[in-house]
Amino acid sequence: MTQLGVTAEAPATGTPVLEARNLTKHFPVHGPVSVGRAVLGARRELRGQRVPGRDRGGDVVHAVEDISLALPAAQVTALVGESGSGKSTLARVLARLLRPTSGELLVDGHQVPAGGSGRRHYARQVQMVLQDPFASLNPVHEVRYHLARPLQVHGLRPAGVSMDDAIAGLLERVALTPADQFISKYPHELSGGQRQRVAIARALAVQPRVLLADEPVSMLDVSIRLGILNLLRDLSDAERLALLYITHDIASARYLADTIAVMYAGQIVETGPAQSVTDQPAHPYTQLLLSAAPDPDRPAQPAAAGAAAPALAGGRGAPPSLVAPPPGCRFHPRCPHAMTICAEAAPPGFETAADHMSACWLHASDLSTAQAAPLSPLRPEETGRQTTPTTRKEESGA
Amino acid sequence: MSDSQRRAVRAGDPLLEVSGLCVDYGLGPDAVHAVIDADLVLHSGEVLGLAGESGSGKSTLAYAITRLLRAPGLIVGGNVDYHHSPDRVIDLLAADEPVLRVLRWSQISVVMQSAMNALNPVLSIKSQLTDVLHAHLPAMSKAGRQARAAELLAMVGISADRLGSYPHELSGGMRQRVMIAMALALEPQIVIMDEPTTALDVVTQREILEELMQLRARLEFAVLFITHDLSLLAEIADSIAVMYAGRLVERAGAGALFRAPRHPYSLGLLTSFPPLHGPRQPLSGIPGSPPDLRQPPPGCAFHPRCRFVMDRCRTDVPPLLPLREGRSAACWLQDGAAVVPPELSVPVPARIEAAPSPGAGPGNPPAAGPAGSTTASAAPAASGITGTARTAGSTP
């Protein structure tokens with residue numbers, strides 16, 4: 001077995017199973033002007049030459065920018081962000097479905113070798129569960145086929161155990177019992193929750209140590225979501241899986257995760273223990289997300305007060321264009337607390353509490369008066385909207 | 001076209017009454033009963049939330065009300081009365097095409113879930129907005145239509161220079177705003193919203209909902225808001241109806257439903273949303289999965305998933321029983337004979353029932369719907385619980 005083998009001894013505590021260091025992923029923009037350049041760049045990339053985005057000549061989408069993330073064993077890490085924030089791109093880079101523009105991936109502290117066999121070893125360590133169980137299972141194959149394939153491909157069927165018994169064992173791990181009722185079913189004969197359990201079982205077939213779950217419950221009915229989340233939690237505990245739970249629902253992240261990382265416009269803006277991030281959010285974007293989340297416990301408000309009381313904690317507008325992200329902090333055009341320095345320099349991570357980091361200049365202690373001066377709120381050239389700028393009419397009141 | 005001229009039914013009075021509505025898909029013994037015996041009242045100026053999981057029949061109910069149901073959907077029974085004015089009631093199920101043509105959009109409009117599919121991709125926003133004006137207000141001049149279209153866009157926070165845009169040039173949130181503007185073009189009395197924000201990001205969703213509530217306070221239309229997200233309804237709806245497997249299982253004021261559900265399914269739904277505050281504790285959700293409507297379970301459709309199931313539930317279908325406080329629930333536990341488990345008999349906190357309905361327009365009596373009538377009787381029992389009502393730990 002190589003150092004990547006699944007039977008390798010668990011590393012010393014403290015080394016995360018999967019670690020990403022300074023991952024960056026840029027996508028070339030296939031605009032009418034830059035198509036030719038992008039094709040050239042893509043060709044160079046195919047030949048194995050690293051092509052940093054700027055050198056390619058064309059515009060790039062800064063989908064993931066300089067992200068470092070550690071997934072420790074038996075821990076659930078939640079990655080929270082809006083659509084377009086780059087969270088799924090990050091998951092695909094972590095699953096090695098996409099090649100990062102720069103940065104490195106470490107498994108148990110070791111570099112991941114490139115090439116086909118390295119890829120296969122990697123797939124045995126890191127598996128992914130996709131969002132839509134209606135699309136991720138093949139409609140012309142039975143459950144048996146879906147679960148047998150990974151066992152065959154990786155040669156993992158234990159000696160002396162029939163394939164059906166191995167599959168039944170998998171189904172039992174995801175609480176699809178009795179297994180013989182499910183093994184010959186086609187995906188269309190299963191409910192959404194059952195399909196997602198089959199997809200999870202398929203990922204578990206290779207006994208991975210890292211599971212990347214990309215919005216695993218957002219396509220499912222409300223009443224069965226918790227069942228899947230609890231299953232993921234149990235798997236993480238029982239099999240010491242390092243779990244990355246990607247979601248846009250910060251409430252479910254709070255419920256499931258040990259650690260929450262909040263992503264905005266391709267960058268992680270806040271990380272910390274789940275409860276600390278949701279109860280004492282340190283970054284204005286996290287505060288915005290929390291204030292926008294449906295919350296029956298919030299005191300009855302806005303409609304009665306007409307236009308007087310916006311419930312959102314600042315931050316109107318849309319996420320920035322990732323082709324030309326705003327300089328400095330990418331959130332500053334929407335930030336109600338924006339200061340001069342926010343438009344000039346990207347904030348480093350500041351520790352606001354134990355293990356709780358926030359990339360926001362508000363937590364810097366040594367800013368000069370000029371740096372801390374409030375940024376004038378209306379600077380349309382910096383708002384960087386995705387499409388042409390929209391003038392949002394202020395409601396004049398009920 | 002001012003509101004005072006158009007508004008005929010007084011705020012708080014019934015505007016739309018649905019009784020015994022049944023909708024099948026298909027014919028004969030194989031028909032799937034998508035909506036069974038639905039009773040609903042939408043009051044003028046009210047936001048009525050209709051919650052349920054996919055397949056529970058909530059969209060089918062809305063399409064049946066508006067007569068937009070397509071084959072093989074078939075309305076097989078019931079009444080839908082629209083109170084056009086205090087002395088004119090229109091039976092929507094009996095109305096013929098010309099009557100429907102006039103009523104649709106000008107009195108009852110619909111906002112569809114997927115704006116990308118509901119907007120025509122090859123027509124500009126302007127031509128889609130002016131089209132409805134052209135059809136319903138033939139006397140309006142071209143310039144007048146243009147001005148109105150610009151006004152409508154401005155109303156939902158989109159600048160008039162986007163009039164010439166095509167749907168693909170707008171973001172998802174803007175497309176949904178255009179849909180809302182279009183639905184409001186003729187100042188209808190009722191706007192039916194079928195999951196209007198489901199496909200949107202949480203921040204955009206919040207913005208649109210806030211705008212919607214402001215528009216509603218100003219234009220005083222009633223909303224039938226269909227969603228699977230019960231936690232959303234807590235914040236915007238005046239009253240809520242919960243559907244399960246084609247039947248309404250509980251109807252109550254929004255606050256009352258949230259603090260004190262009476263049906264095990266409502267309780268299960270409410271405990272399916274992890275809270276944003278307080279200690280983290282394991283939640284169970286609802287075991288099992290929604291029933292297959294082609295082979296519904298006998299008796300109460302929820303009984304295979306219900307933790308309070310009794311023998312009777314397996315054989316007899318519970319009717320929608322009227323309860324105290326003007327609410328109702330379809331559960332044998334609530335028929336007076338059974339011992340009600342404590343989770344389903346939480347008294348309604350007085351604070352909620354006493355508060356005026358949050359969405360009531362200025363000057364309206366609280367459009368509290370069915371839940372507001374017996375405030376006094378609920379108050380003494382509830383006095384002990386008001387202190388425990390959780391206050392939101394609002395973000396700094």
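Trainee: Which strands of chain A does helix α12 lie across?

Mentor: Helix α12, residues 284–292, lies across β3, β9 (259–264) and β10 (267–273) of chain A. Keep in mind that this is a predicted model.

Trainee: And at what angle does α12(A) run to β9(A)?

Mentor: At about 100°.

Trainee: What about helix α9 of chain A, which strands does that one lie across?

Mentor: Helix α9 covers residues 222–238 and lies across β3, β7 (210–214) and β8 of chain A. The angle to β8(A) is about 155°.

Trainee: OK, the sheet itself. What is the strand order in chain A?

Mentor: The order is β6-β7-β8-β3-β9-β10-β12-β11. That makes eight strands in an open sheet, with mixed pairing.

Trainee: Which strands stand at the edges?

Mentor: β6 (126–129) and β11 (350–353) of chain A. Each has a single partner strand, so one side of each has no neighbour in the sheet.

Trainee: How much twist is there from one strand to the next?

Mentor: It averages 25°.

Trainee: Back to β3 and β8 of chain A. Do they run parallel or antiparallel?

Mentor: Parallel. Five bridges join β3 (residues 76–80) to β8 (residues 242–247).

Trainee: Which residue is the bridge partner of A78(A) in β8(A)?

Mentor: Y245(A).

Trainee: New topic: helix α6 of chain A. Which of its residues are buried?

Mentor: α6(A) spans residues 163–173, and its buried residues are I167(A), A168(A), L170(A), L171(A) and R173(A).

Trainee: What do they pack against?

Mentor: Against α5 (143–153), α7 (179–182) and α8 of chain A. After α6(A) comes A175(A), with a positive phi near 60°.

Trainee: Switching to chain B. How is it divided?

Mentor: Into domain 1 (3–30 + 54–227) and domain 2 (41–53 + 228–396). The contact takes 27 residues from domain 1 of chain B and 30 residues from domain 2 of chain B.

Trainee: Which elements supply the domain 1 side?

Mentor: β1 (14–25), α2 (58–65), α8 (202–219) and β8 (222–227) of chain B each supply at least two residues of the side that touches domain 2. The largest share, six residues, comes from β8(B).

Trainee: How many residues on that side of domain 1 of chain B are nonpolar, polar and charged?

Mentor: There are 15 nonpolar, six polar and six charged.

Technical notes
Residues numbered from 1 in each chain as written. Chains lettered and ligands numbered in written order. Predicted model: local features only at pLDDT ≥ 70, side-chain atom pairs only at ≥ 80, totals over all residues. Domains from an automatic or database assignment. Contact = placed C-beta atoms within 7 Å. Helix = DSSP H or I, 4+ residues; strand = E, 2+ residues; numbered from the N terminus. Nonpolar A, V, L, I, M, F, W, Y, C, P; charged D, E, K, R; others polar. Pairing = 2+ DSSP bridges. Axes fitted to C-alpha atoms, helices over the stretch in contact; angles between N-to-C directions. Buried ≥ 20, exposed ≤ 12 C-beta atoms within 10 Å, placed from the backbone.
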